[in-house]
Amino acid sequence: MKPLVYKKSRRRTEPREPERHKLHVAKGDTVRVISGEHRGKEGKVLRVHPKEFRVVVEGVNVVKKHKRAATANEESGIIEMPAPIAASKVMLLDPKSGEPTRVRRRLDKDGTVERIAVKSGQPIPRVR
């Protein structure tokens, strides 16, 4: 009978960086939630997390956070703040009709990428 040999596991020594997802929305865009508990709500995108594929929308998924005072001068208490939701649950609003639309990308004449609303065909401006 053959002796039992334990092989070393092939574990990685360094932690892997999570991949960044290409998102159809950017900070400052106006979006509508299309599924979930907050369906139908509209708001402005406050923050984008491309590694987690999540976005923070103003007035959507508001959670209560218990905050402790870091110094003697600060005040502790319960604050309300919007939490991130999945980016697949939001759709960009069409600039012409105000309805949710998918986004198409097109190279502009000067070489920059321009976002186009599929419903109306109008360009969606980037908010700075």
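Two strands are taken to pair where DSSP finds at least two bridges between them, and the legends below use the word in that sense for a model that is predicted.

**View 1. The three-stranded open sheet β9-β10-β11.** In this predicted model, three strands make up an open sheet in the order β9-β10-β11, and their pairing is antiparallel. The edges are held by β9 (103-107) and β11 (123-124), each of which has a single partner strand, so one side of each is left without a neighbour in the sheet. Between β9 and strand β10 (residues 113-117), which run antiparallel, there are five bridges. Within this pairing, Arg104 stands opposite Ile116 in β10.

**View 2. The six-stranded open sheet.** Another open sheet is formed by six strands, which follow the order β6-β3-β2-β1-β7-β8 with antiparallel pairing. Here the edge positions belong to β6 (85-86) and β8 (100-101), and because each has a single partner strand, one side of each is left without a neighbour in the sheet. Strands of a sheet pair through backbone hydrogen bonds, in either a parallel or an antiparallel arrangement.

**View 3. Strand β1 and its partners β7 and β2.** Strand β1 (residues 30-33) is joined by three bridges to strand β7 (residues 90-93), and the two run antiparallel. In this pairing Val33 stands opposite Val90 in β7. Three bridges also join β1 to strand β2 (residues 42-49), again with the strands running antiparallel, and there Thr30 stands opposite Lys44 in β2.

**View 4. The hairpin of β2 and β3.** Strands β2 and β3 pair in the antiparallel sense over four bridges, with His49 standing opposite Arg54 in β3. Four residues lie between the strands of this hairpin, in which Phe53 takes a positive phi near 60°.

**View 5. The largest nonpolar core and the surroundings of Ile85.** The largest nonpolar core has 14 residues, and those with the most contacts inside it are Val25, Val31, Val55, Val57, Ile85 and Val90. Strands β1, β3 (54-57) and β7 each supply at least two residues of this core. When neighbours within four places in sequence are left aside, Ile85 is in contact with Val33, Phe53, Arg54, Val55, Val57, Val60, Asn61 and Val90. In soluble globular proteins, nonpolar side chains tend to be buried together.

View 6. Val63, Ile79 and Met81 make a nonpolar surface patch of about 200 Å². Of these residues, Ile79 lies in strand β5 (residues 77-82). Ile79 counts as partly exposed because its relative accessibility is 38%, where partly exposed covers values between under 20% for buried and over 50% for exposed.

**View 7. The salt bridge between Arg115 and Asp29.** The structure holds five salt bridges, and one of them is formed by Arg115 with Asp29, whose closest N and O atoms are 2.8 Å apart. This pair links distant parts of the chain, since Arg115 is in strand β10 and Asp29 in the segment before β1, 86 residues apart. Arg115 counts as buried because its relative accessibility is 2%, and Asp29 is likewise buried, with a relative accessible area of 3%.

View 8. The side chains of Arg32 and Glu42 meet in a salt bridge with an N to O distance of 2.5 Å. Because Arg32 lies in strand β1 and Glu42 in strand β2, the pair ties together parts that are ten residues apart in sequence. Arg32 counts as buried at 18% relative accessibility, whereas Glu42, at 41% relative accessibility, counts as partly exposed. Arg32 also forms a salt bridge with Glu99, in which the closest N and O atoms are 4.0 Å apart. Since Arg32 lies in strand β1 and Glu99 in the loop between β7 and β8, this pair ties together parts that are 67 residues apart in sequence. Through salt bridges that share partners, Arg32, Glu42 and Glu99 are joined into one network. Glu99 counts as partly exposed, at 38% relative accessibility. Side chains of opposite charge can pair when their charged atoms come close.

Notes
Residues are numbered from 1 along each chain as its sequence is written. This is a predicted model: local features need pLDDT of at least 70, side-chain atom pairs count only at pLDDT 80 or more; totals for chains, interfaces and linings use all residues. Side-chain values use heavy atoms; hydrogens and water are left out. A nonpolar core is a set of buried Ala, Val, Leu, Ile, Met, Phe, Trp, Tyr and Cys residues joined through side-chain atoms within 4.5 Å. Buried means under 20% relative accessible area, exposed over 50%, partly exposed in between (1.4 Å probe, protein chains only). Contact means heavy atoms within 4.5 Å. Patches are made of residues with over 30% relative accessible area and no salt bridge: like charges are joined within 9 Å, nonpolar side chains (Val, Leu, Ile, Met, Phe, Trp, Tyr) within 5 Å. Accessible areas come from the Shrake-Rupley method with a 1.4 Å probe; for residues, only the protein chains shown count as cover.
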